[in-house]
Amino acid sequence: MTALEKYYNKFNEDHRLQTRHGRVEFTTTMKFIHDYIPEGAKVKILDVGAATGAYSIPLSREGHSVTAVELVKHNLDILESKHEHVNCWPGNATDLSFLDDNTFDITLVFGPLYHLISTEEKLKALQEARRVTKKGGKIFCAYVLNDYSVITYCFKQRHIKECMERKSLTEDFKSIPTQDDLYSYLRLEDIEELNKLAGLKRVEIFAADGHADFMRRELNALDEDEFDYFLQYHLATCKRPELMGMSSHVVDVLEVE
């Protein structure tokens, strides 16, 4: 069993998106997905790294044809046990050879790019997503950002000295991942470089959760009306470039030309 499988065997993905900070991410991401589905249309959606179906299931319930690909057997078993109308496949984001070219209107790549460490691996995932997506279709790619990880792990959790001692950060505090790491943390310029290498055109980019992850305790203390205002604030500001780099997650929306 890989380290990634051991991690997700213990991780409750269903619960994560039901928390207040998780609801910010889910609500924001679904809003942008819906922006690219014509009103009344039913489209073909691929969810690569679908986990336990947080996005696959609600999109399927809306009447869309959803195919889910998941690497971790534990997650896939949970998704299949829900008996939803989702076509489930075991598989890796870097090899979708069991899927045909030019098939999907929308492809979601939400989990894999967190965990693929090398540029080569990330490019394989982007190229496979591009191959299976129709011309003019959209690819949604999620990333975990560098400075969020530095603030939370290095300073809030006080691991800064050990990180500097083992040289896992550059002098300007950029994460240096190794193949033993579970996560890869990027800056916005790293994402732009990946797009160039993959030959993909950005339509827009947005902060999936903004500052919500930093504010878990504060968000939990809000009543529902106050939390609704926070959601409205986040949706109004999630594309502002001066705020985006400090988000926990960003989602890059790309078009296949």
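This note walks through a few local features of the structure above, point by point.

1. Some ground rules come first. This is a predicted model, in which local features need pLDDT of at least 70, side-chain atom pairs count only at pLDDT 80 or more, and totals for chains, interfaces and linings use all residues. Residues are numbered from 1 along each chain as its sequence is written, and side-chain values use heavy atoms, with hydrogens and water left out.

2. Let us begin with the cysteines. The structure contains zero disulfides, a disulfide being a pair of cysteine sulfur atoms within 2.5 Å. For Cys-154, the nearest cysteine sulfur is that of Cys-163, 3.9 Å away, and Cys-154 is in no disulfide. Cys-163 is in no disulfide either. Cys-154 counts as buried, at 4% relative accessibility, and Cys-163 also counts as buried at 4%. Here buried means under 20% relative accessible area, exposed means over 50%, and partly exposed is in between, using a 1.4 Å probe and protein chains only.

3. Cys-154 also belongs to helix 8, residues 146-156, where the buried residues are Asn-146, Tyr-148, Ser-149, Val-150, Thr-152 and Cys-154. Helices (H or I, at least four residues) and strands (E, at least two) are DSSP runs, numbered from the N terminus. What do the buried residues of helix 8 pack against? Their partners are strand 5 (133-145), helix 9 (160-165) and strand 6 (185-186), with contact meaning heavy atoms within 4.5 Å.

4. Two backbone angles are worth a look. Arg-158 has a positive phi of about 60 degrees although it is not a glycine, and this residue sits in the loop between helix 8 and helix 9. With 73% relative accessibility, Arg-158 counts as exposed. Ala-51, also not a glycine, has a positive phi near 55 degrees. Ala-51 is in the loop between strand 1 (44-48) and helix 4 (56-61), and counts as buried at 11% relative accessibility.

5. Next comes a helix pair. Two packed helices are described by the angle between their axes and the distance between the axes. Helix 7 (residues 119-132) and helix 10 (residues 188-198) pack at about 55 degrees, with axes 10 Å apart. The axes are lines fitted to C-alpha atoms, for helices over the stretch in contact, and angles run from 0 to 180 degrees between N-to-C directions. Helix 7 and helix 10 are therefore oblique to each other; angles under 35 degrees count as roughly parallel, over 145 as roughly antiparallel, 65 to 115 as roughly perpendicular and the rest as oblique.

6. Which residues make the contact between these two helices? Helix 7 contributes Thr-119, Lys-122, Leu-123, Leu-126 and Arg-130, while helix 10 contributes Leu-194, Leu-197 and Ala-198.

7. Leu-108 is in strand 4, residues 104-109, and is buried, with a relative accessible area of 0%. Beyond its neighbours within four places in sequence, Leu-108 is in contact with Ile-33, Ile-45, Leu-46, Asp-47, Val-48, Tyr-55, Leu-59 and Phe-140.

8. Finally, Ile-117 lies in the loop between helix 6 (112-115) and helix 7. Ile-117 is buried, with a relative accessible area of 9%. Not counting residues up to four places away in sequence, Ile-117 touches Lys-122, Pro-177, Thr-178, Gln-179, Asp-181, Tyr-183 and Ser-184.
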